[in-house]
Amino acid sequence: MRRSYMFGGAFVVLFIAIIVIIVVCVSSKNGWKKQNPDEPEFWEKGAVYQVYPRSFSDSDKDGTGDLMGVVDHLDYLKELGVVTVWISPIFESPMKDFGYDISNYTTIDRIFGTMNDFEVLVTETHRNGLKLVLDFVPNHTSNQHEWFIKSESKEGNYTDYYVWAEAKGFDENNTAIPPNNWMSEFGGSAWEWSDTRGEFYYHQFLVEQPDLNYRSEHVKEEMKVSGRSKIRKKKNQSCILEDMLSNIQSQKYISRQRLLPFCKIIVSFALQDLGIDEPTDSDNPALLQHIFTTNQPETFQVLREWRELVDKYHEKVLMVEVYSEVEDVMRYYGNDSVSLAHFPFNFFMLEALNNRSTLTGYDIKDTISLWLDNMPEGKWPNWVLGNHDNGRVASRLGKDMVDALNMVVLLLPGTPLTYNGEEIGMEDTFISWEDTKDPEGCRWGRDHYQEHSRDPERTPMQWNGGYMAGFTNGDNTWLPINPDYEEINVALQKNATHSHLKFYQHVTKIRQEETFKKGEITFPTYDDSTFSFIRSLEGYPSYLAVVNIATVNRTVNMHLGANFPLPNEGEIVICSSTSEAKETPNGSMVSLDSLALMAGEGILLKLPEK
Ligand code: NOJ
Ligand code: MG
C-alpha cells in the first residue's frame, strides 16, 4: 500500500496520463546513448547507497544509530560495491521529522555524535575509496532555529526570513482565518498562527518546519552566498552551503549535497487559493493543484546560483528531490546552456514498482522510457527503487523480486540509488500504534496510521541474528527490530552460497563492464509478465536482462513478439534464483526460445557476437 505523502491520487492520475503520451514517442528514439564518453564522474560510476543514520548502526548504546556506527560498517559498503554514501540529515535538530527539521546547519546533532566523529566519518569514507554525500534541507528549518525565533519577533533582517501573511480575517470566536486554502503535505492547513507576531507562517510540512522565504535576499545569501556579496560582508556571518563545501574540502575531504525538497522552496507571491481536483476529500493535500506552491520560476534561478557555487569545487554532485510531473522534473536538469542539478531524483520507478498484482512488463518498460525519452540531451539518468519515505521492495512487490529489481536498476544506464537494507531484502516491520514515531503516521491516528506511517521502512538494519540484530549493544532501539532478523541479516547472507547480498555484490561487479557504463539500451521483449532489456556497445559484448514478473515459474519464448531479431541462445551470467537444483548454472548456454524463469526471477545473459 502506498504510504508516502508524495504520491496522492492527483499525482497518480497525472502519471498515467503522461505514460500514455510517452509511449507514442518511444519508438521514435533509438534507446539511450551516453553523450559524453569521457571519464565518468564519481557519481556516474556506481550506486549511491542511502544511509538513514538513526537506523544504520548504533555505536554508543543509546538505541539510535550514529556516525561512528556508520564508520564501523564502511568496509561493508566498500565490499558491497557501491560508490557513493549519501547520509540523511545529521545536523542539530529537535527531531520532529527525524532530522529533516534542522535547528542549526553547522553543528552535528548530539544523537549522531560530534564534529570530530563527522571528521572521522569523512576521512574513513575516503580511505575506503567511497564518496560521501550530505543531505541539505533548504526548504524549511526547524521552528527552534534561531532565525525563526528572531523572525517571529521581527528582529531586523530576520523579519522576512520566513513566509509570513496576515490573517484573512477573524471568525466569530476571534480565531484567525488562514490567508488561503494551501495545505501541508502532512495534512491540515499549511498556515500556522503565531501569537507572538500576530501573523500566519507557512509550513509545507510540519508546523515545526516553517518554510524559508527565498524572496528575501538575506535568506538566499545565508543559504548559499558567493562569498563576496555585500550582505555577507556586512553581516560577516557564515553561509551554509559554501561553508559546508569549503570546510570539508579544505581538509581534502569530499563533500556533496542533496537538496530537498527543492521544487517547493519558493511559493507564489500572490497567495491565491489553489484549485481542488476533488472537493469532497478536503483533507488530502495531493488533490490540490499545486500551481502556486511548486516549480515556481524563481526556484530555477536559486538552483542555478547554487550550481554555480558548487561548480567551484571538484568532486561534487547536486541531486535534488522533486516530486512533479515528468516535464517539470526534467527542468531541474537545466539544458544545453544552463546546468542546474546533476540530476533530480527519478521517483517514477519507485512509484511504478508498487503493486505486483497489477505490474506488467509494459509498465516497467514505459517507466524507464518515461525518463530516458524526456531527459534533456547529454544528461545522466538515475533510478530510485526505495527510500526512507516508501515501503520496502520486498513488501511492495514480494521477496522473490528483490534481486531481479536490484539487477535492473544496477544495470540500467545511469546511477542506481539503494536504500540501506534493500541489498539484503529487508521487509517492512509491523509497528504498533504505541510504538509509532513518524509524525506523518501519528497525525492519522490509531485507525489509519498504518496507511501513512514511514516507520516500517525505517527500522534498524539487520546485521546479524544475535543480540538486537547486531544494531546496538544497548537495551532498546528507537524503533522495534523486525522479528524476521534471524532469517534476514547481513551475516547470514555473507556466509550463504546464494543470497540477496551475494547477488547484489555480484551485479555491482558486472556493472563495471564497459557495456554497462556507456552502452545503449533497447527493449526486445515485454508483455504482461515479462520485462527485458539489452545493453550493447560497439566492440564489447551485449547483455540481455530478463525478468519474470509473474508469481509462478514460466518458460518464456523471447522471440515471440520481439521488437527486433534476437540470437537463438545466450550464456547465463547470473540469475537471481537461489535454487541449488537449478539445471542451468551460470555459464550455461540456454535457448532464448524456451528460457526457464522462476517466479520473480531475473536473469542476465551474455549474447553471442553477431
Ligand atoms: C523530504 C524527506 O525525504 C522526508 O522524509 C521529509 O519528511 C520531508 N522532506 C519534509 O522534511
Ligand atoms: Mg547511538
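1. Buried here means under 20% relative accessible area, exposed means over 50%, and partly exposed lies in between (1.4 Å probe, protein chains only). Leu 121 sits in helix α4, residues 115-127; helices (H or I, at least four residues) and strands (E, at least two) are DSSP runs, numbered from the N terminus. Leaving out neighbours within four places in sequence, Leu 121 is in contact with Leu 67, Val 70, Val 71, Leu 74, Ile 87 and Leu 132, where contact means heavy atoms within 4.5 Å. Val 70 is 51 residues away along the chain, yet its C-alpha atom and that of Leu 121 are separated by 7.4 Å.

2. Before going further, please keep in mind that this is a predicted model, in which local features need pLDDT of at least 70 and side-chain atom pairs count only at pLDDT 80 or more, while totals for chains, interfaces and linings use all residues. Residues are numbered from 1 along each chain as its sequence is written, chains are lettered from A and ligands numbered from 1 in the order in which they are written, and side-chain values use heavy atoms, with hydrogens and water left out.

3. Now for the whole protein chain. Of its 610 residues, 61% are buried, and its secondary structure comes to 19 helices and 23 strands. Among contacts between residues at least 6 apart in sequence, 69% join residues at least 24 apart.

4. Which residues hold the magnesium ion (ligand 2) as protein donors? They are Asp 58 (OD), Asp 60 (OD), Asp 62 (OD), Thr 64 (O) and Asp 66 (OD), lying 2.1 to 2.3 Å from the ion. Donors are N, O and S atoms within 2.8 Å of the metal (3.2 Å for Na, K and Ca); water is not among the atoms, so sites may look incomplete. Along the sequence the donor residues follow the spacing D-x1-D-x1-D-x1-T-x1-D. Thr 64 and Asp 66 are both buried.

5. Ligand 1 has 13 residues around it, and Asp 97, His 140, His 388, Asp 389 and Arg 454 come nearest; a residue is near if one of its heavy atoms lies within 4 Å. An oxygen atom of ligand 1 is 3.0 Å from an N or O atom in the side chain of His 140, and the corresponding distance is 3.3 Å for the side chain of Gln 209. Taken alone, ligand 1 exposes 290 Å², and the protein buries 100% of that (areas by the Shrake-Rupley method with a 1.4 Å probe; for residues, only the protein chains shown count as cover).

6. Is Gln 462 buried or exposed? It is buried, at a relative accessible area of 0%, in the loop between α16 (445-452) and α17 (490-495). A polar atom of the Gln 462 side chain lies 2.7 Å from the backbone oxygen of Ile 488. Not counting residues up to four places away in sequence, Gln 462 touches several others, including Ile 424, Met 426 and Tyr 485.

7. Asp 400, finally, counts as partly exposed, at 32% relative accessibility. Asp 400 is found in the loop between α13 (393-397) and α14 (402-411). Its side chain makes a polar contact of 2.8 Å with the side chain of Arg 356. A polar contact is a pair of N or O atoms within 3.5 Å; within protein, one must be able to donate a hydrogen and the other to accept it, and residues adjacent in sequence count only if both atoms are side-chain atoms.
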